[in-house]
Amino acid sequence: MTDLGMASERVGEPPFEVSGEALLAQRPVRLDSSDSTNSESTLYSSDNTWNLPGPEELREELLKRYGETETAHAWAHSAELVKTHNDELVSRWQAEMDTLLVYAGLFSAVLTAFNVQSYPLLQPAPTDPTLAVLQRISTQLTSFSVNAAFVNSTQPALSPDEVEPPFRAPTSAVWINTLWFSSLVCSLASASVALMVKQWLHELNVGVSGTSRESARIRQYRVNSMRRWQVGGIVIIIPILLQLALVLFLVGLVILLWTLHGTVAAVVSGLVGTLFVFLGVTTFLPVLRVDCCYRSPQAIGIFMALQGVRSNIRQFFVGLASGAWNLTKHWRRSGGAPGQLADLAWRAYVALCVARKELPSWHGREKLDVAETTSALERDLAAMAYTTTFDAECLAHTRLLLADLPWQQAMACYDQIFAARASVWGERTSAVRDRFPGHTYDMLQVMLAVPREQRSQAWQEGATSLLGRIPPHREEMFEKVGVRLLCMLAMDNSPPADVAFVQIVMHMRKQAALQDEAVSGELRSVVLMAEWRARNPGGSDSSTTLRHYLQSVELIIHCVLRQNVPGISPEDRASLRSRTKNTLASFRDFLRTPLWRESSLYICLGLSNMVPLLVELVQQDRELVTDELVEVLDSVWSAVQDSELGGASGDRLRKLHAYVEWTGEVLEALKATMSGRPVNAARKVAFDISELRPSRSGTRRSSARGVSRSRSLSLKMRLSSPI
């Protein structure tokens, strides 16, 4: 006997067997016998803290958790949603019924005109009296027999059936009238059903208004009744009847024309066939493609029919495989052909059961497709909200949406918006109009949020296109946001990183030429990026690697020259000076190696940009530039002068001579400044090293015009006062 049975005996109840049904049927019993049997305690007793709460306690807990105000608001909100859905559904059906009634009326009138002319083809022609007399005379004349000697009428007269055979309607007339009258019935039936549906819909909202609890109950009762009695299915049938009526009428018309004239019939048959093909394609496409918008009641009907057929076929094959497995499962352990057959039946049964998924409904297919393309749909939504209105406020909201989308969809949304703006204002104007640079920087930040290992070729192309759309570097937003983002992008060895690096270099040179003040955050970003690029210059060849390294050192010198501008804290100034010392020491050690000799021309070009900055740095902070660095620079310049000028000739010699001569002049000014001697005003040119990169033909792309243009953009230094 179980413990529960013993407990039953102790409280005076007969023992019972423990089972699920018995446990459900019995009342909760006490688990001890210490108390009197007259006390009726249950497992829900509140005296024991280990007991679970009872129904009343749970109810009270729910009432405390959700107050009456929140509950009433929830009911009102639900009632409002149901009311809105019901009103929209009824309004849509009412409008659809009105349209169908107008179409059915016009179509029935046209059909009636054709039927009036066609139904006489099913009757014999009316008998004319004159025609009847002539037929009688013809009958009598036919009865005479004419011989050579006499004429008599002994031959019996022809019977009326022989004179006039019984009327039989032509087959074409039968088909024409059958099709046209059937079409008329379908048209009138659709109009009649549509009229009744309008009456049903009118009664659906009678006596129901507001969102009170009582009105909500009545409305829900009627909505449930409408669903239970398939009013939506009847609404779907009405346009199908009209389409069927049109098909029947056109088929009958084609048959009639073929009995009258072949050419006319052929032309009309072609037009009708084209219409039928269009109707068929637009009807079946939504069944086959979820994203097709040619949805119609007839397409829904075909889809439901195909779903039923597919479900039945699938059920049939599953049953067939199950039966085959039941017949052969006892052979599975045996070898040979029976065992293989049993194994094949088992595999087929398992495969069919696994593939036996529930088929989605008409609207379920759409929801599944929407769930799979959520990001793309949100991208199009964000882009269309602006491209259809060109509203500045909507453009401001788009920045928030770009940050919420995946980078692929955000980039596509940005491209759509930019293309729409470019089609109106052009690319240059659209890049800066309506504070659009903020979108460009936000998009660049979204791209930079992608981990490095996930930056594919598409990411590089998108980042490169963004760099081409960054507004002019004189914009205030570029100083606050753009420099930091470009520095973050430049800390990589990839094509967009190289483009960002060059833009930072050009920005710092222009800033120096215009004598603009930099901010502390901008300087920190540029220094960190330049140090990274100095350690990882990258480049596909030695010339590019050397150019990137020299430009990195140049950027650090540009930054330290701005250490005294307002906004730079003493801590940042000390860190900047320390980093500059380390960078210049590493640069000095590099120049002592033979690595630069492979691209000595780029050393010359790099020095033409860097040495004037060193002259200015000596004036500002003598401790940062050492005598050893100046000596190494002088030896490098001498080596470049001997190697490059000795091997060049013609136009190349003239161009190189301009660079070497200028570098020598500024280097002399640097040495004079280091020694404390007064120096006359000197010129400084910021040569762009990329102008002398080898072209595809193996020649240099620099020219005297390029050198002159670089000089016009240079900073004019004043070195006349001694240190």
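In the predicted model, helix α16 (residues 407-425) and helix α19 (residues 457-468) approach with their axes within 11 Å and cross at roughly 35 degrees. Axes are lines fitted to C-alpha atoms, for helices over the stretch in contact, and angles run from 0 to 180 degrees between N-to-C directions. Helices (H or I, at least four residues) and strands (E, at least two) are DSSP runs, numbered from the N terminus. The crossing of α16 and α19 is left-handed, a term applied if the near helix is turned anticlockwise from the far one by less than a right angle. The α16 side of the contact (heavy atoms within 4.5 Å) consists of W407, M411 and Y414, which meet A458, W459, G462, S465 and L466 in α19. This contact comprises six nonpolar, two polar and no charged residues; Ala, Val, Leu, Ile, Met, Phe, Trp, Tyr, Cys and Pro count as nonpolar, Asp, Glu, Lys and Arg as charged, and the others, Gly among them, as polar.

Residues are numbered from 1 along each chain as its sequence is written. As the model is predicted, local features need pLDDT of at least 70 and side-chain atom pairs count only at pLDDT 80 or more, whereas totals for chains, interfaces and linings use all residues; side-chain values use heavy atoms, with hydrogens and water left out.

Helix α22 packs against two further helices, α23 and α24. The axes of α22 (residues 520-535) and α23 (residues 542-560) come within 8 Å and cross at roughly 155 degrees. The pair is therefore roughly antiparallel, the class for angles over 145 degrees, while angles under 35 degrees count as roughly parallel. The crossing is left-handed. Residues L523, V526, V527, M529, A530, E531, R533 and A534 of α22 are in contact with H548, Y549, S552, L555, I556 and C559 of α23. By class, these residues are ten nonpolar, two polar and two charged.

With helix α24 (residues 570-591), the axis of α22 comes within 12 Å and crosses at roughly 25 degrees, so that the two helices are roughly parallel to each other. This crossing, too, is left-handed. Here S520, R524, V527, L528 and E531 of α22 meet D572, L576 and R579 of α24, a set of three nonpolar, one polar and four charged residues. V527 and E531 of α22 take part in the contacts with both α23 and α24.

M97 lies in helix α4 (residues 68-118) and is buried, with a relative accessible area of 0%. Buried means under 20% relative accessible area, exposed over 50%, and partly exposed in between (1.4 Å probe, protein chains only). Apart from residues up to four places away in sequence, M97 touches A194, V197, K198, V235 and I238. Its C-alpha atom is separated by 8.7 Å from that of A191, 94 residues apart along the chain.

Most residues other than glycine have a negative phi. Q230 is located between α8 (213-228) and α9 (231-260) and is exposed, at 52% relative accessibility. F390 is located between α14 (374-387) and α15 (392-404) and is partly exposed, with a relative accessible area of 31%.

Overall, the chain has 28 helices and two strands, and 36% of its 723 residues count as buried.

Key:
Angles under 35 degrees count as roughly parallel, over 145 as roughly antiparallel, 65 to 115 as roughly perpendicular and the rest as oblique.
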